[in-house]
Amino acid sequence: MTTSRRLADRKVERFQKNITKRGSVPETTVKKGNDYPVGPIMLGFFVFVVIGSSLFQIIRTATSGGMA
């Protein structure tokens, strides 16, 4: 009975330290600045493709004479 009580006290002591550390995040893990997941060249290319394809579709619809 004393061995299990001693082990239980050791466990409680070990995890008691973690309770006071909850919620404290070091400053190094917090992101600072404007880091975009996509670069400006890829964003420009994407905009070019989307606007270009929509313009192409409009021109194609206008030259075909309506809904075709």
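Tutor: Start with the database record. UniProt, in an unreviewed entry, places a "transmembrane region" at residues 41-59. Keep in mind that the model is predicted.

Student: What share of residues 41-59 is helix, and what share is strand?

Tutor: That stretch is 100% helix and 0% strand. Its end C-alpha atoms sit 27 Å apart.

Student: How many helices and strands does the protein chain have?

Tutor: Two helices and zero strands. Helix α1 spans residues 2-21. Helix α2 spans residues 40-64.

Student: Which residues make the nonpolar surface patch?

Tutor: Val38, Met42, Leu43, Phe46, Val47, Val50, Ile51, Leu55 and Ile58. The patch covers about 850 Å². Take Ile58 as an example. Ile58 lies in helix α2.

Student: Is Ile58 buried or exposed?

Tutor: Compare its relative accessible area with the cut-off. Exposed means over 50%. Ile58 has 56%, so Ile58 is exposed.

Student: What percentage of the residues in the protein chain is buried?

Tutor: Of the 68 residues, 0% are buried. The accessible surface of the chain is about 7,000 Å². Carbon and sulfur atoms account for 66% of that surface.

Student: Now charges. Which residues form the positive surface patch?

Tutor: Arg6, Arg10, Lys11, Arg14, Lys17 and Lys21 form it. Look at Lys21, which is placed in helix α1. Its relative accessible area is 54%, so Lys21 is exposed.

Student: Which side chains meet in a salt bridge?

Tutor: First the general idea. Side chains of opposite charge can pair when their charged atoms come close. Here the side chains of Asp9 and Arg5 do so, at 3.9 Å from N to O. A salt bridge needs that distance to be within 4 Å. The count comes to one salt bridge.

Student: Where do Asp9 and Arg5 lie?

Tutor: Both are in helix α1. They are four residues apart, about one turn of the helix.

Student: How exposed are Asp9 and Arg5?

Tutor: Use the cut-offs again. Asp9 has 38% relative accessibility, so Asp9 is partly exposed. Arg5 has a relative accessible area of 54%, so Arg5 is exposed.

How values were computed:
Residues are numbered from 1 along each chain as its sequence is written. This is a predicted model: local features need pLDDT of at least 70, side-chain atom pairs count only at pLDDT 80 or more; totals for chains, interfaces and linings use all residues. Side-chain values use heavy atoms; hydrogens and water are left out. Buried means under 20% relative accessible area, exposed over 50%, partly exposed in between (1.4 Å probe, protein chains only). Accessible areas come from the Shrake-Rupley method with a 1.4 Å probe; for residues, only the protein chains shown count as cover. Patches are made of residues with over 30% relative accessible area and no salt bridge: like charges are joined within 9 Å, nonpolar side chains (Val, Leu, Ile, Met, Phe, Trp, Tyr) within 5 Å. Lys and Arg count as positive and Asp and Glu as negative; His and the chain ends are not counted. The place of a charge is taken as NZ of Lys, CZ of Arg, CG of Asp or CD of Glu. UniProt positions are given in the numbering used here, feature names are shortened, and annotations may be inferred rather than shown by experiment.
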